[in-house]
Amino acid sequence: MTLETEADLFEYQLRSAYYVERRLVDALDELQTSATDGKLVDAFAEHRDETEVHVDRLEEAFDLLGMEATEESVPSFDGLLQEKREFDAQAQSEDLQNRFYNQAGRQTERMELTMYEGLLTLADELDVDDDVRDLLEQNRREETAALEKLNSVSEGSSVLDKLR
Ligand SMILES: [Fe+2]
Ligand SMILES: [Fe+2]
């Protein structure tokens, strides 16, 4: 598809968000299974369920816009997942892994926040249907809450304790 207008950019970014959200359901499952810190496991599990709703909201947005729900690949997201697996192949410490997963989780939330901020700015400029805007805004709010939750989960405090 040729991208020329702001409307094209909006559609492109909506499809990118759809790609990321759909893969995040499984990625958060993987993080939840890999993590051993109880609070971190809970944070990933809770946000995994929210992410399923994010996918549903994006499908509703596509529907309201009269668009078919299709994906645009996001290699930077795939890279984060690859990085997690490469780290696991070398890691010999659960504490370090929990720290790394917390950081990986926050990176994905920041990525999603940037995506939704961009989409919402375009939605305002393009005067997109309020219902579509609300769906994007609800996702954005839950990404912010997920980021704050991960920030509040202690990052491998036991590692720091051992160093003291
Ligand atoms: Fe999300
Ligand atoms: Fe998220």
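User: How many helices and strands does the chain have?

Analyst: This is a predicted model, and the chain in it has 6 helices and 0 strands. Reading from the N terminus, the elements go α-α-α-α-α-α. The C-alpha trace spans about 55 × 25 × 20 Å along its principal axes.

User: How do you know that the length of helix H2 agrees with its number of residues?

Analyst: Helix H2 covers residues 38-64, which makes 27 residues. Just after H2 comes Gly 66, with a positive phi of about 70°.

User: Which residues of H2 are buried?

Analyst: Leu 40, Ala 43, Phe 44, His 47, Thr 51, His 54, Arg 57, Leu 58 and Ala 61. The cut-off for "buried" is 20 or more other C-beta atoms within 10 Å of a residue's own. Over the chain's 164 residues, 30% count as buried.

User: And what do the buried residues of H2 pack against?

Analyst: Three helices: H1 (6-34), H4 (94-125) and H5 (130-152).

User: Why are H1 and H2 called roughly antiparallel?

Analyst: Their axes cross at roughly 155°. Angles over 145 degrees count as roughly antiparallel, and H1 and H2 therefore get that label. The two axes come within 9 Å, and H1 passes H2 in a left-handed crossing.

User: What makes up the contact of H1 with H2, by class?

Analyst: It has 13 nonpolar, 4 polar and 5 charged residues. On the H1 side, the residues include Leu 14, Tyr 18, Leu 28 and Asp 29.

User: Which residues make the contact of H3 and H4?

Analyst: From H3, they are Phe 77, Leu 80, Lys 84, Phe 87 and Asp 88. H4 brings Gln 97, Phe 100, Ala 104, Gln 107, Thr 108 and Met 111. By class, that divides into 6 nonpolar, 3 polar and 2 charged.

User: What share of the chain's contacts join residues at least 24 apart?

Analyst: 78%, counting contacts between residues at least 6 apart in sequence.

Technical notes. Residues are numbered from 1 along each chain as its sequence is written. Chains are lettered from A and ligands numbered from 1 in the order in which they are written. This is a predicted model: local features need pLDDT of at least 70, side-chain atom pairs count only at pLDDT 80 or more; totals for chains, interfaces and linings use all residues. Helices (H or I, at least four residues) and strands (E, at least two) are DSSP runs, numbered from the N terminus. The expected span of a helix is 1.5 Å times one less than its number of residues. A residue is buried if 20 or more other C-beta atoms lie within 10 Å of its own, exposed if 12 or fewer, and partly exposed in between; C-beta atoms are placed from the backbone. Two residues are in contact if their C-beta atoms, placed from the backbone, lie within 7 Å. Axes are lines fitted to C-alpha atoms, for helices over the stretch in contact, and angles run from 0 to 180 degrees between N-to-C directions. Angles under 35 degrees count as roughly parallel, over 145 as roughly antiparallel, 65 to 115 as roughly perpendicular and the rest as oblique. A crossing is left-handed if the near helix is turned anticlockwise from the far one by less than a right angle, and right-handed if clockwise. Ala, Val, Leu, Ile, Met, Phe, Trp, Tyr, Cys and Pro count as nonpolar, Asp, Glu, Lys and Arg as charged, and the others, Gly among them, as polar.
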